[in-house]
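This report is for a reader who is meeting the structure for the first time. Please look at the sequence and the 3D view before reading on.

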Amino acid sequence: PRDYHRIHCPAYSELVETTYIPGRLFAVNPITVSTVSNIFSRNERVVNIFKTSFGQMAVISVGAFFVGSIETKLLGEITPPHKSNIKTWQHGATPEYYKNYKKGDEIGRFNMGSTVILLFEKGTMNWNKQLKPGNFVKMGELLGFEL
């Protein structure tokens, strides 16, 4: 595969919670994304919530057709096996060296490839204006900066 399948932390942060959300495994290519409504909320997901100096951040790994294998550095392989119920892990009692991440640290991976959705609290991020829908983002590329 031509894509890079590892997920890196975009900011200095502390992992607070991880949630597995079961779902479908639709392909996430441009054609399917444009024809399947709400695909990113219907596909299987692993949601990592982080605390940063500028608010909370969510890094959402979305499973896809032929993928369906999502790992995190802290928990290892979460899926498969595909589960039928939502499962949440709280990381409060986890040792600091497992849940604290520097910008660029690997936090997970797909065992093939898929999509990552990155969310920040409203008004905390100034996005790189050169990023456009359909762009490929490479490790180390500037996504934006905190306000």
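## A side chain and a backbone nitrogen

Which backbone nitrogen does the side chain of Thr72 reach? The side chain of Thr72 reaches the backbone nitrogen of Leu75, at 3.0 Å. This is a polar contact, defined as a pair of N or O atoms within 3.5 Å; within protein, one atom must be able to donate a hydrogen and the other to accept it, and residues adjacent in sequence count only if both atoms are side-chain atoms.

## Basis of the values

The model is predicted: local features need pLDDT of at least 70, side-chain atom pairs count only at pLDDT 80 or more, and totals for chains, interfaces and linings use all residues. Residues are numbered from 1 along each chain as its sequence is written, and side-chain values use heavy atoms, with hydrogens and water left out.

## The chain as a whole

The chain has three helices and 12 strands; both are DSSP runs, numbered from the N terminus, with helices (H or I) of at least four residues and strands (E) of at least two. Its C-alpha trace spans about 40 × 35 × 30 Å along the principal axes. The radius of gyration, taken over C-alpha atoms, is compared with a globule rule of 2.2 Å times the number of residues to the power 0.38. For 147 residues a compact globule would have a value near 15 Å, and the chain agrees because it has 15 Å.

Of the 147 residues, 38% are buried, meaning under 20% relative accessible area with a 1.4 Å probe and protein chains only (exposed is over 50%, partly exposed in between). The accessible surface of the chain comes to about 9000 Å² by the Shrake-Rupley method with a 1.4 Å probe, and carbon and sulfur atoms hold 56% of that surface. Among contacts (heavy atoms within 4.5 Å) with a separation of 6 or more, 67% join residues 24 or more positions apart.

## The four-stranded sheet

Strands β1, β9, β5 and β6 form, in that order, an open sheet with antiparallel pairing; two strands pair if DSSP finds at least two bridges between them. The edge strands, each pairing on one side only, are β1 and β6 (76–79). From one strand to the next the twist averages 25°, where axes are lines fitted to C-alpha atoms and angles run from 0 to 180 degrees between N-to-C directions.

Three antiparallel bridges link β1 with β9 (residues 106–110), and Arg6 has Arg109 in β9 as its bridge partner. His5 counts as buried because its relative accessible area is 19%. Leaving out residues up to four places away in sequence, His5 touches Arg109, Phe110, Met112 and Gly113. Its C-alpha atom is separated by 9.3 Å from that of Thr115, 110 residues apart along the chain.

Thr72 lies in β5 (residues 70–72) and is buried, with a relative accessible area of 7%. Apart from neighbours within four places in sequence, its contacts are Val46, Asn48, Ile78, Ile107 and Gly108.

## Pairings of strand β2

Strand β2 (residues 13–21) pairs with β8 (residues 100–101) in the antiparallel sense over two bridges, and Ser13 stands opposite Tyr101 there. With β3 (residues 45–52), β2 has seven antiparallel bridges; Tyr20 is partnered by Val46 in β3. With β7 (residues 87–90), β2 has four antiparallel bridges, and the bridge partner of Thr18 in β7 is Trp89.
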